[in-house]
Amino acid sequence: MKKLLLIFLPLLIICAGAAFVFAQNNKDEVSNMTLTDKKILVAYFSWGGNTKIIAEKIHVQAGGDIFRIEPVTPYPDDYQTTAYGIAKEQKEKNIHPPIKNTDVSSYDVIFVGTPAWWYTMAPPVMTFLEQNNFEGKTIIPFVTHGGGGSYTIDKDMAKLAKGAKVLSPFVVYEHGNANTDKDITEWLGNLK
Ligand SMILES: Cc1cc2nc3c(=O)[nH]c(=O)nc-3n(C[C@H](O)[C@H](O)[C@H](O)COP(=O)(O)O)c2cc1C
């Protein structure tokens, strides 16, 4: 009996240790991401103002810095010319227009906001993602839309922002409603 115990006891200890390590790893996988102690940037593009409103709401709750992604050549104020002229042509020809300088090197977490434009993000946001180095950084997308939802914008962002971890987006119709602040709080509390 003593001999059996001598053989099985070390085995038991090894198994218990392995189970503990497994449980810890699993716990990490499902635990929420915390924004505490992170250098945060809220970067957004907005043509009509909806995404700006949501960006400012996220900034109030998440903290950090905020800036607007601006194309060197601004889009015209006229909807028809912007939507069915310039933006449509940029979409069809995969044009990523030059933007005013941006630098994300000093940030750990970058919220990236865009309106849905022709079933994906707006072209200046594409430029922003591909001209910065996102290696080791976390991108948290947010999308405003006119009824179509966020399409595959988070996946499209991951393709352009090489090396970034891209989390689930906050998605809202136009500029949100009376529940939007509460929805943002909930979303921020459940980031994974
Ligand atoms: C050029 C352009 C393309 C758009 N394409 C879409 C689209 O594909 N799907 C959608 O749901 N809404 C689309 N919309 C509506 C916008 O996504 C929506 O109004 C958004 O909230 C605008 O954000 P902003 O005011 O920050 O520019 C489009 C608007 C514009 C101007």
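Colleague: In which helix is the place of Ile58?

Modeller: Ile58 sits in helix H2. Before going further, note that this is a predicted model, in which local features need pLDDT of at least 70, side-chain atom pairs count only at pLDDT 80 or more, and totals for chains, interfaces and linings use all residues. Residues are numbered from 1 along each chain as its sequence is written. Helices (H or I, at least four residues) and strands (E, at least two) are DSSP runs, numbered from the N terminus.

Ile58 counts as buried because it has 24 C-beta neighbours inside 10 Å. The cut-offs are these: a residue is buried if 20 or more other C-beta atoms lie within 10 Å of its own, exposed if 12 or fewer, and partly exposed in between, with C-beta atoms placed from the backbone. Leaving out residues up to four places away in sequence, Ile58 touches Val42, Phe111, Phe142 and Ile184. Touching, or contact, requires the C-beta atoms of two residues, placed from the backbone, to lie within 7 Å. The C-alpha atoms of Ile58 and Asp181 are separated by 8.3 Å, although the two residues are 123 residues apart along the chain. In the protein chain, 79% of the contacts with a separation of 6 or more join residues 24 or more positions apart.

A nonpolar core is a set of buried Ala, Val, Leu, Ile, Met, Phe, Trp, Tyr and Cys residues joined through C-beta atoms within 7 Å. The largest core has 38 residues, and those touching the most other members are Ala43, Ile110, Phe111, Val125, Ile139, Met157 and Ala161. At least two residues each come from S1, H2, S3, helix H4 (123-131), S5, helix H5 (153-160) and strand S7 (170-173). The most come from S3, which gives six residues. Ala43 touches Phe67, Ile69, Thr102, Ile110, Phe111, Val112 and Phe128, again without residues up to four places away in sequence. Over the protein chain, buried residues make up 31% of the 192 residues.

The ligand is the next place to look. There are 21 residues around the ligand, and Gly48, Thr51, Pro115, Gly146 and Gly148 come nearest. A residue is near a molecule if its C-beta atom, placed from the backbone, lies within 6 Å of it. Helix H2 (50-62), H3, S3 and strand S5 (138-145) each give two or more residues to this shell. The shell divides into eight nonpolar, eleven polar and two charged residues. Here Ala, Val, Leu, Ile, Met, Phe, Trp, Tyr, Cys and Pro count as nonpolar, Asp, Glu, Lys and Arg as charged, and the others, Gly among them, as polar.

H3 has a kink of about 35°, centred on Ala87. The bend at a residue is the angle between axes fitted to the seven residues ending there and the seven starting there. Just after H3, Asn94 takes a positive phi of about 55°. Asn94 lies in the loop between helix H3 (79-93) and strand S3 (109-117). Asn94 counts as exposed because it has 8 C-beta neighbours inside 10 Å.
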